[in-house]
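Please look at the structure before reading on.

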Amino acid sequence: MTKPIRRIAVLGSGVMGGAIAAHCANAGLEVSLLDIVPAGAGSSTAARNQVAAAALGRMAKHKPAPFSYPNHAAAIRVGNFEDDLGLVSEVDLIVEAIVERLDVKRDLFAKLEALAGEQTIIASNTSGLRIADMLEGRSERFQQHFLVTHFFNPPRYMKLLELVLGPHTSPEVVARIRHFGVETLGKGLVFAKDTPNFVANRIGAHALMVAVHEMERAKLEPEDVDAITGLPLGRAKSATFRTADIVGLDTLAHVVNNCYELLTGDEDREVFRIPSSMKAMVERKLLGDKTGGGFYRKTKTGIETIDRATLGYRPPAGDAKVKEQTKALAKQADTAERLRQTVAAEGAVGTFAWNVLKRSLAYSAHRVGEICDDITAIDDGMRWGYNWELGPFEIWDALGFEPTLKRMQDEGVELPESVLAMSRSGATAFYQEGRVYDLSRGEYVARPVDPREVTLPRLRRGEAPVLRNGSAEAWDVGDGVLAVTFTSKANTLDPDSIQMLHDAVDKAEQSFRGLLLFNEGSNFSVGANLFFVLMAAKQKQFDQIERIAERLQQAVMRLKYSEVPVVAAPFGMTVGGALEICLGCDAVQAALETYAGLVEVGVGLIPAGGGCTSLLWRALGSVADGVKIDGYEIVTQIFKNIAMARVATSAHEAARFGYFRSTDGVSFDRARHLYEAKARLVGLAQSGYHPPVRQTFRLPGESGIATLGMLINTMVAGGYASEHDAVISRKLASVLCGGSGGAAREVTEQEMLDLEREAFLSLCAEPKTQQRMQHMLETNKPLRN
């Protein structure tokens, strides 16, 4: 065990410093955020702390949000370098994120040396200065406690954390930072060498600039390049030029110029020479999103593209065949197959893709030993820092090691001797059965793997699932756990997936210790199959809709009152019926980036899979006996959350909204999500599990319905809600108040479920609700009618 890092001081409240501080607060750490004293501040504490305080205030408005819940800002104490630098004596870690000027950093480090505690780690978030230069004049003890921690922006969302050790960084410091990065923040660590732009930005900037120069040679447009270098190449949807706009052309130019100026011996140095058109864009402040326009700009009529000759903007253009080909390629789910098809594509798509890839692969191979020690650092860096689906060497393997090497050699691409020696040795891939080829040693070595980074296919026992139907499977994943996973498109709920929940509970009660709900894909589930509901409603098959709604309600109740514990592992979009399922589970282990809400009102409906009942019962059941509460206030807040289709933007926020429990787990690293969810389930099974006892509650009834009705009328009168919104909201109010008789007696869950279902069915019959469903299916946007 290492001494834990609990208290952090972040020095510098700019974009990166503030975002690092915010994510440390998300992880439950005590954070101090310090910055300079503004000129003329005087003696007022508020005025002297204004720079850091203003930065903290701005973060509340940032998109994407740096805080996983706005109130996490309260965990950050603001101060200034003149009055509060002494605070660093009390912290475990100092993260320096001030201006990238060597003289300013050296001056700050001299002060920190005199103030920092004996075990305090001092880290710089620099991206361009050498450690040797920053440490000039510092003591041996300071150097032992110093390293670079290069976070990727935005820190909450980007997994990559590059660590650069100094020549004297102590093993204890490395162990503590490793634990902090992996266990506390959920980061993926890449150990980089002290070279310009480290690992990911070196490879990423090269790949981006290759695409820029290749575009000029191929006489393509930015739209064409982005269509090819996005999903078809297994890269982020923002591809090349949209990425430049997001990052900012000034920031990109700084990174690229840094490479060009410092990498005088780089074999591909000229790729870092910025084209004259990009220089002109920077000079004219056409920097991307931050200035309202870069390579693209958004207008009221749509997206326009820069004309590189005039620096004016034009309507979208591009090659129609490129658009058609890349659209088809992007639909291929298997990344390796998609890459092979893209490189083999006819015409401009295949030629451009290959010309970009071959240079990127060769450049990455040349960098092993210079910017890092092994190929996994480069692959991990590009996946975690640039959102590539596969890193360069994984791409090489996907295309075929030998065929790709031969094609590059035939085309005169210079490759390092280490790769040629690998080919001569008979090796056929960089990665092979748990091993990775070490280019420096010339042999395969074991690939380091965190045993907690498991996938469902790796945990599955047996050749076939325990249960299977058209939309779901249930697998034995060991330790007495049965895992249900949906196989429908976008993991939607349909009759088959609902039936699987029933069958899986039955099977788990007979033969397993617990039931785990774990889906794969981009989202846990986008809820019910809306197309099915709409078609049945149009054909007036309301009996069929009622049967499905009732089966979903029954499934949620089976989960809730099962004789074995049930745990859900939501991530990404977890909305509508998907959240209702989670509400029926004993516990949730949610990924931090879980976006949960009951959004049915957006299509003219209300939750009818137990969502209204579950939220209300959970809130009322948490009130201790003897505490006098106004039940109407609880009903009103739940009404607002549902009526406004309020979606939590993180697992932490979902707990604050009442969608998850405050005791539910949050996984900061998605790679460990399945492991942690299963561990939570096993823990419940081993700790004397009993299902909950059924409860009844007295609800506001008719008076509550009338009061909420006045609120609805006010919204309509003010133009904030349409008449059809009012129809939906009044039905929701009636359900949440337990119907007109809700105050006269204790209301049961089943009575609540019946009210939900009745309201849902009546809304399905409404023409305006059907219009909303149709519009959502066609545009993926809600309709207000």
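## Basis

Two strands are said to pair if DSSP finds at least two bridges between them. The model is predicted.

## Three-stranded sheet

Strands E9, E10 and E11 make up an open sheet, arranged in the order E9-E10-E11 with antiparallel pairing.

Two bridges link strand E10 (residues 302-306) to E11 in the antiparallel sense. Threonine 305 has arginine 314 of E11 as its bridge partner. Helix H9 (residues 222-229) packs on this sheet and touches E9, E10 and E11. The direction of H9 makes about 100 degrees with that of E9.

Strand E13 (residues 435-438) and strand E14 (residues 443-446) run antiparallel and are joined by four bridges. Tyrosine 437 is paired with tyrosine 444, its bridge partner in E14.

The two strands form a hairpin, with four residues between E13 and E14. In the turn, glycine 442 has a positive phi of about 70 degrees.

## Threonine 376

Is threonine 376 buried or exposed? Its relative accessible area is 13%, and the cut-off for buried is under 20%, so threonine 376 counts as buried.

Threonine 376 belongs to helix H16 (residues 375-386). Its side chain makes a polar contact with the side chain of aspartate 374, at 2.5 Å. Leaving aside residues up to four places away in sequence, threonine 376 touches Tyr431, Val436 and Arg447.

Note on methods. Residues numbered from 1 in each chain as written. Predicted model: local features only at pLDDT ≥ 70, side-chain atom pairs only at ≥ 80, totals over all residues. Heavy atoms only, no water. Contact = heavy atoms within 4.5 Å. Axes fitted to C-alpha atoms, helices over the stretch in contact; angles between N-to-C directions. Buried < 20%, exposed > 50% of the residue type's maximum accessible area, 1.4 Å probe, protein only. Polar contact = N/O pair within 3.5 Å; in protein donor to acceptor, adjacent residues only side chain to side chain.
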